[in-house]
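Hello,

Here is the structure I said I would pass on. My notes on what was found in it follow below.

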Amino acid sequence: MPEAAGRVRRGPARHERPAIDDAALAAARHADRLLAAARDRGLARWEAYLAPLPDRLRDEEIDALRSTALRSRAAYGPKDSVRDVLPPELTEPFLDAIDRLVRELNRREATGQL
């Protein structure tokens, strides 16, 4: 079915998979907090990295969420981590939310759901 932006949806709408949608929306709220903290602290590099994540977590189709989750998870690298510049009360809830989203996406794949 065609969508407004000319894209074709390849799977179910997000609202049809509420566990995934809820996990993605929770992660988006935490990403908003991280982004605001990066802006407040003048961390331009992290601001640029984090800026697209909240909207992508809120709006992307289910099939595209995995790449956004992996990009979000990559902010916690071994040599360069958002943990190094932002407090744990912001970074850890986001990490937990992203991990929950990945688990829900894995569950969907494992059960063969579209």
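**Ala31 and its surroundings**

Setting aside residues within four places of it in sequence, Ala31 contacts Pro54, Leu57 and Phe94. Ala31 itself lies in helix α1. With a relative accessible area of 1%, Ala31 is buried; the cut-off for buried is under 20%. Ala31 and Leu57 are 26 residues apart along the chain, and their C-alpha atoms are separated by 8.7 Å. Please keep in mind throughout that this is a predicted model.

**The protein as a whole**

The protein has 5 helices and 0 strands. Read from the N terminus, the order of elements is α-α-α-α-α. There are 114 residues in the protein, and buried residues account for 40% of them. The accessible surface is about 6600 Å², and carbon and sulfur atoms contribute 52% of that surface. As for contacts between residues at least 6 apart in sequence, 67% of them join residues at least 24 apart.

**Helix α1 against helix α5**

Helix α1 covers residues 18-40 and helix α5 covers residues 88-110. Their axes come within 8 Å and cross at roughly 155°. An angle over 145 degrees counts as roughly antiparallel, and α1 and α5 are therefore roughly antiparallel to each other. The crossing of α1 past α5 is left-handed. Sorted by type, the residues of the contact of α1 with α5 comprise 16 nonpolar, 2 polar and 5 charged.

Which residues meet there? On the α1 side they include Ala19, Ile20, Ala23, Ala27, His30, Ala31 and Leu34. On the α5 side they include Leu90, Pro93, Phe94, Ala97, Ile98, Leu101 and Leu105. Charged residues also take part, among them Asp22 and Arg33 in α1 and Arg100, Glu104 and Arg108 in α5.

Ala28 is another residue of helix α1. Its relative accessibility is 0%, so Ala28 counts as buried. Not counting residues up to four places away in sequence, Ala28 touches Pro54, Leu57 and Arg58. Ala28 and Arg58 lie 30 residues apart along the chain, with 6.0 Å between their C-alpha atoms.

**Two residues of helix α4**

Thr68 sits in helix α4, which spans residues 62-73. Is Thr68 buried or exposed? Thr68 is buried, because its relative accessible area is 0% and the limit for buried is under 20%. Apart from neighbours within four places in sequence, the residues in contact with Thr68 are Leu53, Arg56, Leu57 and Glu60.

Ser72 is placed in helix α4 as well. Ser72 too is buried, at a relative accessible area of 0%. With neighbours within four places in sequence left out, Ser72 is in contact with Leu53, Leu57, Phe94 and Ile98.

**Where the contacts meet**

Regards

Notes. Residues numbered from 1 in each chain as written. Predicted model: local features only at pLDDT ≥ 70, side-chain atom pairs only at ≥ 80, totals over all residues. Heavy atoms only, no water. Helix = DSSP H or I, 4+ residues; strand = E, 2+ residues; numbered from the N terminus. Buried < 20%, exposed > 50% of the residue type's maximum accessible area, 1.4 Å probe, protein only. Contact = heavy atoms within 4.5 Å. Areas by Shrake-Rupley, 256 points an atom, 1.4 Å probe, with all protein chains shown as cover. Axes fitted to C-alpha atoms, helices over the stretch in contact; angles between N-to-C directions. Parallel < 35°, antiparallel > 145°, perpendicular 65-115°, else oblique. Left-handed = near helix turned anticlockwise from the far one by under 90°.
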